[in-house]
Amino acid sequence: MSETTQLNQQLVMLRERFISRTAGELTAILNRLDAQQQDDLLQDCQQLLHRLAGSSGTFGLRTLGEQAALAEQWLKQQQAAGLPFTALQAKLREQLLQLTQHLTPEEMPGTAVTVPAQAQCELLVAGHELAALAEALSHYGFKLHHVNECTNLPAGFWHPQLMILTSAGQLAAAISWNKDSAGDAQTATLLCATTETRFEQQYQLAEQGVDGVFTLPADVPELAEHIERLRSEHQQISKARVLLLDDDEALAEHYRLVLAAAGIQTKVLIQPDTLMAALTEFRPDILLMDIHMPPWSGTIIARMVRFHPQWLSLPIIYLSSEQDQDRQLNALAQGADEFICKPISDARLVRTVGILCRRARQLSRLVSSDGLTGLLNHPHIKQALIHEHGISRRLGHQAMVAMLDLDHFKAVNDTHGHASGDQVIRTLAHLLKRRLRNTDSLGRYGGEEFVVVLPGCDAGKARALFQKLCQDFAELDFHGPCHTFRVTVSIGLAALNEFDHADQALYAADTALYAQKQRGRNGVTDYAELSSPATDTQVTD
Ligand SMILES: Nc1nc2c(ncn2[C@@H]2O[C@H](COP(=O)(O)OP(=O)(O)OP(=O)(O)O)[C@@H](O)[C@H]2O)c(=O)[nH]1
């Protein structure tokens, strides 16, 4: 069974549950109305209508949602006018009965969402004049495919994250191939080789949907770095993390399934009082939150979240059926950032959440990344280390920390100049990004010192990975103003979960790094082996 079919089956099951629950709730209110049980009846009725107005559309019962919204509005007006219960009873009964007539789905839920196929190549280079460039870029470890022609590209075949093409001809064909199944969003980031630097020409390229330009002949290392940056931005959507707080369990589960199918990691909370712990544990990019969650109010919860300095910049997005614009603004004034109106179609939800997550990540990356390498800066790699240490200790998972330091780097600067030194630092950072997993955290700890945190990794795997990295790095040629030169790197490892505190693990990795420097540099030492008979792990050619 395809993932899309499976998703749609799950959504249909949720819809059936929603319909039977709603039928039960409407009948219960009608029975209380007939029995003249006035206690809290109007309040319960209003809450039910409000919930149906916001959620029915999501389950494919659009008319039910619209009618519920009208009935809610009517009920609010009557109550505001101070009409007695007896004056409302007959009309309310009629409206509720009418709602029971609309408990049949009009649309399939989830049909707008297609589970994306696995990406088969990261980078598609199109155009015969770019063959040499494709060949040069392939040495940088990209999963790359080159085609001579942009016309007649097979539909839905490669799913690249990034496309490189030329501005001459073929651009329109590539752009139309690069649309999602709905035909409106670009799937891959487009990078265009052009000789045109004039404003009007570049404007036209931007208008056509191009995301970046470079001139030919290309500076390949610089282009590789740029591609890496764009690629990691493109990946943000699949790494996006959303915490969803909604007391309507079926609706929250529906959203979770839809977002998860689009590659957005979503954690659902039904109980607002577990929110603070979930924020610390899950570290979402955005918090999506309902407003009406009796007895809780989302707007007050938003204000509460801001009590904690570490969540001051967390984007809080209300997902609510509140239509009144003044009330929406009042809600935003309590410390939230955006308002998404329910009901919302599945496809629009995925796109909106994707855009918000990407923007949130761009902003958080600005504050957390090192300008030269794009890796995490000192405070943020330490934060990542502490976070992973906590998880590995709590769950008993293995995790490693590595400390890397370039060898004789002072001499590199002194001999070849600071700019060449910077290029070496950037190249090591690039190699780390290419070799490590998305779940690993990479940081520039100091000038020529790096820290890597590897969750779910044991000592053997870490050693093999870093030994290979040492070997490959040592073989790279750097071009200084006068000479070509090579640089090596020394690495110390420690098992994160073996220590009570993250700082102790980092100190152990630093001790192992120092030991490796003593042993002759260019290699890997694990702290665990320092207490046992020394093993020389220096890399030899
Ligand atoms: N080009 C460049 N150099 C930097 C940067 N940050 C620190 N450095 C230099 O890195 C060098 C580090 O030198 P040392 O700490 O003496 O160590 P080393 O020469 O690498 O020797 P070992 O670590 O013992 O192999 C210093 O000369 C710093 O100026 C940077 O951002 N760019």
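The legends below describe several views of one predicted model. Residue numbers start from 1 along each chain, following the sequence as written. Because this is a predicted model, local features need pLDDT of at least 70 and side-chain atom pairs count only at pLDDT 80 or more, while totals for chains, interfaces and linings use all residues.

View 1. Helices (H or I, at least four residues) and strands (E, at least two) are DSSP runs, numbered from the N terminus. Of the 541 residues in the chain, 37% are buried, a residue being buried if 20 or more other C-beta atoms, placed from the backbone, lie within 10 Å of its own. Among contacts between residues at least 6 apart in sequence, 65% join residues at least 24 apart, where two residues are in contact if their C-beta atoms, placed from the backbone, lie within 7 Å.

**View 2. The packing of helix α2 (residues 41-55) and helix α3 (residues 62-80).** The two axes, which are lines fitted to C-alpha atoms over the stretch in contact, come within 7 Å and cross at roughly 145°, with angles running from 0 to 180 degrees between N-to-C directions. On the α2 side the contact includes Leu42, Cys45 and Leu49, and on the α3 side it includes Leu64, Ala68 and Leu75. The residues of this contact divide into 10 nonpolar, 4 polar and 1 charged, with Ala, Val, Leu, Ile, Met, Phe, Trp, Tyr, Cys and Pro counted as nonpolar, Asp, Glu, Lys and Arg as charged, and the others, Gly among them, as polar.

**View 3. An open sheet of 5 strands with parallel pairing.** The strands follow the order β2-β1-β3-β4-β5, and strands pair if DSSP finds at least two bridges between them. The edge strands, β2 (144-147) and β5 (212-214), each pair on one side only, and the twist averages 20° from one strand to the next.

**View 4. Strand β1 (residues 123-126) beside strand β3 (residues 162-166).** These two strands pair in the parallel sense over 3 bridges, and leucine 124 stands opposite methionine 163 in β3. Helix α5 (residues 131-138) lies across β1 and β2, running at about 170° to β2.

**View 5. The shell of 17 residues around the ligand.** A residue is near a molecule if its C-beta atom, placed from the backbone, lies within 6 Å of it. Asp407, Phe409, Lys410, Gly421 and Gly447 come nearest to the ligand. The elements that give two or more residues to the shell are β13 (399-406), α15 (409-416) and α16 (418-435). By class, the shell divides into 5 nonpolar, 5 polar and 7 charged residues.

Technical notes:
A residue is buried if 20 or more other C-beta atoms lie within 10 Å of its own, exposed if 12 or fewer, and partly exposed in between; C-beta atoms are placed from the backbone.
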